[in-house]
Amino acid sequence: MKHVFKQGIVDAPTLLLLHGTGGTERDLLPLAEALAPQASVLGLRGNVLENGMPRFFRRLAEGVFDEEDLVLRTHELHDYVGEAAAQYGFDRSRVIAVGYSNGANMAASLLFHYKDALAGAVLHHPMVPLRGIALPDLSGTPVWIGAGTNDPICAPGETEQLERLLSGAGASVEVHWERQGHQLTGTEVRAAADWFARHF
Ligand code: MLT
């Protein structure tokens with residue numbers, strides 16, 4: 001996959017950056033800097049194009065996902081992270097996803113499909129990626145969700161459902177609410193950084 005890799009200090013975890021629709025592998029580098037300046041960083045660009053805009057999986061309409069493609073792309077991305085770990089020599093068991101919007105949905109899909117894909121996740125404005133599947137045991141996996149009470153794309157009920165599904169699988173989930181829409185604000189990023197410092 002098209003990507004950027006930045007080596008961090010020895011023993012630091014690796015942040016897997018997953019952009020929103022129309023983004024690139026570099027979009028979330030400032031977020032990585034805010035969360036963990038010493039971490040290694042693997043920023044990916046989604047393999048799917050929607051009217052020229054990169055995404056991590058296809059959708060049929062706003063908020064309506066192509067589930068077959070989502071599952072295929074989830075496995076593809078998971079395999080790619082394994083290859084990148086071998087190529088760059090980072091610890092595959094200490095990868096923490098940082099995603100926004102479509103990238104947060106992909107990170108959530110990794111959690112829905114694999115027990116050990118991620119050591120943790122920072123999800124900015126995610127949705128429930130898939131319904132009707134049994135989640136793996138996510139005991140002890142720390143997950144932070146940033147949401148907006150006025151988010152027209154990820155309705156609050158959707159955020160609450162995602163929280164319930166992840167918690168039900170054993171993840172330790174914290175939700176941070178902003179009185180905002182779908183945008184990523186400075187206060188949301190600071191709240192994520194605060195959570196990150198408490199967990200990693
Ligand atoms: C998605 O398609 O993953 C969500 O609707 C968010 C987005 O617009 O990227």
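E62 places a polar side-chain atom 3.3 Å from an oxygen atom of the ligand. N102 does likewise at 2.9 Å. In the side chain of T21, an N or O atom is 2.5 Å from a ligand oxygen. A polar contact here is a pair of N or O atoms within 3.5 Å. The protein covers 96% of the 260 Å² of accessible area that the ligand has on its own (Shrake-Rupley method, 1.4 Å probe).

This is a predicted model: local features need pLDDT of at least 70, side-chain atom pairs count only at pLDDT 80 or more, and totals for chains, interfaces and linings use all residues. Residues are numbered from 1 along each chain as its sequence is written, and side-chain values use heavy atoms, with hydrogens and water left out.

Now the rest of the shell. The residues surrounding the ligand include R55, F57, R59, G63 and F65. S101, N105, M127 and I153 are also among them. The shell divides into four nonpolar, five polar and three charged residues, with Gly counted as polar.

The largest nonpolar core has 41 residues. Such a core is a set of buried Ala, Val, Leu, Ile, Met, Phe, Trp, Tyr and Cys residues joined through side-chain atoms within 4.5 Å; buried means under 20% relative accessible area with a 1.4 Å probe, protein chains only. α3 gives the largest share of this core, seven residues. L16, L77, L118, L123, V143 and L166 have the most contacts inside it.

Take L123. Beyond its neighbours within four places in sequence, L123 is in contact (heavy atoms within 4.5 Å) with residues including G99, A104, V143, W144 and L162. Apart from this core lies another, of 22 residues, among them A32, Y100, A191 and A193.

Methods: Near = heavy atom within 4 Å. Polar contact = N/O pair within 3.5 Å; in protein donor to acceptor, adjacent residues only side chain to side chain. Buried < 20%, exposed > 50% of the residue type's maximum accessible area, 1.4 Å probe, protein only. Helix = DSSP H or I, 4+ residues; strand = E, 2+ residues; numbered from the N terminus.
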